[in-house]
Amino acid sequence: MLRIYLFILTLCLVTVWQPVMASESLDYSIARGGKLYDKWFKVNSYSTPKLANPAYPDRGAYKNKKGADWRCKECHGWDYRGDGGAYSTGKHFTGIVGIFQADTISEAQLASILRGQQHGYTTEMLADKDLIDLTNFIRTGMVEMDNYINRKTKMVTGDVSKGVNYYQTICAGCHGLDGKEEDDVPPLGKLSNKNPWETMHKILNGQPGADMPAMRALDMQISVDILAYLQTLPKE
Ligand code: HEC
Ligand code: HEC
């Protein structure tokens, strides 16, 4: 009799004791979508595209530059406004529209746009799962940067005295107190003044292919205060 009980008990334990897989949160998906938007081939397992993107116009300066012409941000901008935003002039000008207005897009609509002839992303370049994260990013992850960054002066309206605490406790472990410790990238003081939109996008979503955290689950003001503080760090 005891054996039977033990047998049943073991059976119950085995059925109950399944490894628990955490499901992905919406913020996780949005941040991953944001990193895909930035440089998808550093996020998924696809390697840097070798062929030039036929959709990238000749007037832009980034055709076939290490896959740059395949990055969403290269045509649609760090502020998601394409030729209506920071890429309206300069080397990155392509004349292509932004996607800020597309924030009600469905997964099916985005799939038909990206798999269509103009964009030409194959399932090897962007898997269906990647499209889900990109959809979540476009629907809820695009921030109205004009609320925080002055378009003319590029100055950020954040609280520097709070930003210093956030930066030193969250970021400085990797980037150093002066923002210059990651050798491969320009000093954070330089990037944040030159391109606050790019810096904001990366603070919220993380850096493709790096172990950098994405701040988007936290209050937006924290990221704004950090960005304001970055602008006070040494530029070289
Ligand atoms: C080589 C340039 C280029 C790249 C790279 C690019 N796009 Fe586009 N995209 C365009 C052009 C051009 C249009 C406008 C098509 C038109 O006029 O209808 C467009 C339109 C869109 C639209 C529709 C906007 C609207 O309001 O209808 C979405 C959404 C979009 N792109 C998302 C993306 C995403 C996501 C990526 C990266 C995976 C990406 N695009 C990469 C050129 C590009
Ligand atoms: C776990 C380490 C780590 C932490 C923590 C971290 N970062 Fe990073 N960050 C990196 C790495 C690694 C890179 C990319 C270096 C490379 O591409 O070679 C990077 C890149 C960046 C870039 C992009 C630079 C460029 O030119 O592409 C910005 C901006 C940035 N980090 C800001 C921050 C801020 C602000 C914080 C805090 C909110 C932060 N990082 C926290 C590791 C980290």
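Of the contacts in the protein chain between residues at least 6 apart in sequence, 61% join residues at least 24 apart; contact here means heavy atoms within 4.5 Å. This is a predicted model, in which local features need pLDDT of at least 70 and side-chain atom pairs count only at pLDDT 80 or more, while totals for chains, interfaces and linings use all residues. Residues are numbered from 1 along each chain as its sequence is written, chains are lettered from A and ligands numbered from 1 in the order in which they are written, and side-chain values use heavy atoms, with hydrogens and water left out.

**The chain as a whole**

- The protein chain contains nine helices and zero strands, where helices (H or I, at least four residues) and strands (E, at least two) are DSSP runs numbered from the N terminus.
- Along the principal axes, the C-alpha atoms fill a box of roughly 80 × 50 × 35 Å.
- The chain has 236 residues, and 43% of them are buried, meaning under 20% relative accessible area with a 1.4 Å probe, protein chains only.

**Two domains**

- The chain is divided into domain 1 (26-142) and domain 2 (160-230), with bounds that come from an automatic or database domain assignment.
- Between the C-alpha centres of domain 1 and domain 2 the distance is 22 Å.
- Domain 1 brings 16 residues to the contact and domain 2 brings 13 residues.

**Area buried between the domains**

- About 1,200 Å² is buried between domain 1 and domain 2, and carbon and sulfur atoms give 62% of this area.
- Buried area is the accessible area (1.4 Å probe) that two parts lose on being put together, summed over both.
- On the side of domain 1, the residues that lose the most area to domain 2 are Asp27, Lys35 and Trp78, together 43% of what that side buries.

- The rule finds one salt bridge across the interface of domain 1 and domain 2, a salt bridge being a side-chain nitrogen of Lys or Arg within 4 Å of a carboxyl oxygen of Asp or Glu.
- Aspartate 38 forms a salt bridge with lysine 202, and their closest N and O atoms are 2.8 Å apart.

**The side of domain 1 that touches domain 2**

- Helix H2 (26-39) and helix H5 (128-141) each supply at least two residues of this side.
- H2 gives the most, with eight residues.

Conventions
Buried means under 20% relative accessible area, exposed over 50%, partly exposed in between (1.4 Å probe, protein chains only).
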